[in-house]
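Biologist: I would like to learn how to read a structure like this one, feature by feature. Could we take the general idea each time and then turn to the case at hand?

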Amino acid sequence: MARKTSKTTTRRPAGAAAQKPRQIAAKRPTATAIGLADDTPERIARALEAIAAQLAAASVASAALESFTDADAYVWHPDGKLTRVPRVSRVEMTLLKGIDRMRDILIENTARFADGLPANNALLWGARGMGKSSLVKAAHATINLDRKAADRLKLIEIHREDIESLPSLMELLRSSPFRFIVFCDDLSFDGNDASYKSLKAVLEGGIEGRPENVILYATSNRRHLLAREMIENERSTAINPGEAVEEKVSLSDRFGLWLGFHRCSQDEYLAMVNGYCSHFGIKLSEEELEREALEWSTTRGSRSGRVAWQFVQELAGRLGVRLTGK
């Protein structure tokens, strides 16, 4: 009788069948393996930062545009903030002596701009203390004298060290219904300062150009805004000295209106002193006033509108007169 061959059945562990799918799944590339999961938080963070920056910029721009109805003068800060100036420190136009020609030209240019007509950017250059910045502020006040609130010019001062942020300011003002004089006092460039290129692009040459509702007025002691040694260094070190110098000097050429201020004569200086004294009610004999005014200018080593004003302040303080008319 043949024996039956016994078959031995090898039983797998109970979890073996479940382990095989897990091993196959383990071989498949996961999000972590291809770097997606690790990168996702960073991408989300960058996107949120970009959105926050855009919202902040939009809120600053909106607040700035709304605030233009609050005042006629502002100071620009490079962080995008405009500070309202409730009272501008200015000298009345009638007290500016010895600059009649420059006064008439600047007022005419400003009036055309305020009326929506073509006007030029203006560079007021020359002797210190001769009323360059005072004329800009006085012209702004004169033009606004009889204008309605919606038609008034806005004066925005930008500091020399913030000139690189000028394109951002232009972008902010471009969409405003108001018209603006952007004013930079004592503008000049020294050494390897390349921020003047931002000013060149805004004045002329940039793709967008200067907004139609903005005009730039600047004052400087230098006709070309650059130090002489800065120009001479270009001549001595550049491969093509002529081209290098032209590139720097061309900055002042982009101001369509040049107004030169020169040292005043003795008669003009005394006229300034007499004008201030008459305006503020300072009473002193003509001979004594002339003698003291000339002595003051001699000790200062110059004659200018600023020296005349400083003498009047000294005289008013000595006589107990308050300069409340300013």
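Biologist: In which helix is the place of D267?

Modeller: In this predicted model, D267 belongs to helix α9, which covers residues 266-280.

Biologist: How should I decide whether D267 counts as buried or exposed?

Modeller: The general idea is to compare the relative accessible area with a cut-off, and exposed means over 50%. D267 has a relative accessibility of 60%, and therefore it counts as exposed.

Biologist: What is S297 in contact with, leaving aside its neighbours within four places in sequence?

Modeller: Once those neighbours within four places are set aside, S297 is in contact with Y269, S302, R303 and V307. A separate reading is the C-alpha separation from Q310, a residue 13 positions away along the chain, which comes to 9.8 Å.

Biologist: How far apart in space are E164 and P78, C-alpha to C-alpha?

Modeller: Their C-alpha atoms are 8.3 Å apart, although 86 residues separate E164 from P78 in sequence. E164 lies in the loop between β4 (154-158) and α5 (166-173), and at 55% relative accessibility it counts as exposed. For the protein chain, residues 24 or more positions apart account for 77% of the contacts with a separation of 6 or more.

Biologist: What should I make of the phi of D186?

Modeller: The general idea is that most residues other than glycine have a negative phi. D186 has a phi near 55°, a positive value in a residue other than glycine. D186 is found in the loop between β5 (180-184) and α6 (196-203), and with a relative accessible area of 45% it is partly exposed.

Biologist: How many helices and strands are there in the protein chain, and what share of its residues is buried?

Modeller: The protein chain has 11 helices and seven strands, and buried residues make up 38% of its 326 residues. The chain exposes about 19600 Å², with carbon and sulfur atoms supplying 50% of that area.

Terms used: Residues are numbered from 1 along each chain as its sequence is written. This is a predicted model: local features need pLDDT of at least 70, side-chain atom pairs count only at pLDDT 80 or more; totals for chains, interfaces and linings use all residues. Side-chain values use heavy atoms; hydrogens and water are left out. Helices (H or I, at least four residues) and strands (E, at least two) are DSSP runs, numbered from the N terminus. Buried means under 20% relative accessible area, exposed over 50%, partly exposed in between (1.4 Å probe, protein chains only). Contact means heavy atoms within 4.5 Å. Accessible areas come from the Shrake-Rupley method with a 1.4 Å probe; for residues, only the protein chains shown count as cover.
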